[in-house]
Amino acid sequence: KEFCKGEIVFDPESRDKIFIVKTGKVELYHVNNEGKKFIVDVLKKGSVIGDLGIETHEATYVESLENSYVCWMSKEKFFQIISQDSELSEKMMKGLFERLVNSEKKASSLANDSVFQRIVKLLLRLGKPIGESASDKRVTEPFTHEQLAHMLGISRQTVTTILSSLTKKGVVKRARKKFI
């Protein structure tokens, strides 16, 4: 199915399905009991979304950030397909382990780093290397301060203040919602 920007792809009622992003970009987030949104990840082509039978107390949503094409199937069909195709199964496992490692890094950063360090690490994680130096990175996807705040569980104003400080110090350069 095609989803327009802002449409909900996955909600708490979608527990019996597995979704695969074919094109576009979607945002995976949780909403806690107080209604606070926390962005878990931004997913692109090839990403697999679903609860796979895992119980959670937070409401999980996936929202299309741009026009996206997303396929879905029942959990039973998904497990049947990957159990019959070892190459696909290996690819799926690698993708899921990569997401797990990234989630563990985020959790460690949330627990141990200052807000300043968390913002810097987030920009480095979102960035792609540019030029000869691997330390120079460009965040090619446009993110609003609000989205960055939801990724870190902090206020938009805090993100704005720290990014302004980083820009003044010459650590970060900004050009329309993109960072270097």
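This passage describes the overall form of a predicted protein model and then the surroundings of selected residues.

The secondary structure of the predicted model consists of five helices and 12 strands. The radius of gyration is 18 Å, which is close to the 16 Å that the globule rule gives for 180 residues; the protein is therefore as compact as a globular protein of that length. Along the principal axes, the C-alpha trace extends over about 55 × 45 × 35 Å. Of the contacts in the protein with a separation of 6 or more, 68% are made by residues 24 or more positions apart.

The surface and the charges were examined next. Of the 180 residues, 32% count as buried. The protein exposes about 11200 Å², and 54% of this area is supplied by carbon and sulfur atoms. There are 31 positive and 24 negative side chains in the protein. The centres of these two sets lie 9 Å apart.

Attention then turned to the cysteines. A disulfide is a covalent bond between the sulfur atoms of two cysteines. The count of disulfides in the model comes to zero.

Cys71 is located in strand β8, which comprises residues 68-74. When neighbours within four places in sequence are left aside, Cys71 is in contact with Ile18, Phe19, Ile20 and Lys22. Cys71 and Lys1 are 70 residues apart along the chain, yet their C-alpha atoms are separated by 6.2 Å.

Three further residues, each placed in a helix, were considered in turn. Ile81 belongs to helix α1, formed by residues 75-84. Apart from residues up to four places away in sequence, Ile81 touches Met73 and Leu88.

Ser109 lies in helix α2, which spans residues 86-112. Its relative accessible area is 11%, and Ser109 is therefore buried, since the limit for this class is under 20%. Beyond its neighbours within four places in sequence, Ser109 is in contact with Arg118 and Lys121. The separation between Ser109 and Ile119 is 10 residues in sequence and 9.8 Å in space, taken from C-alpha to C-alpha.

Gln147 is found in helix α4, made up of residues 145-152. At 17% relative accessibility, Gln147 falls under the 20% limit and so counts as buried. Residues up to four places away in sequence not being counted, Gln147 touches Glu27, Ile39, Leu65 and Pro142.

Technical notes:
Residues numbered from 1 in each chain as written. Predicted model: local features only at pLDDT ≥ 70, side-chain atom pairs only at ≥ 80, totals over all residues. Heavy atoms only, no water. Helix = DSSP H or I, 4+ residues; strand = E, 2+ residues; numbered from the N terminus. Rg over C-alpha atoms; globule rule 2.2 N^0.38 Å. Buried < 20%, exposed > 50% of the residue type's maximum accessible area, 1.4 Å probe, protein only. Contact = heavy atoms within 4.5 Å. Areas by Shrake-Rupley, 256 points an atom, 1.4 Å probe, with all protein chains shown as cover. Lys, Arg positive; Asp, Glu negative; His and termini not counted. Charge placed at Lys NZ, Arg CZ, Asp CG, Glu CD. Disulfide = S-S within 2.5 Å.
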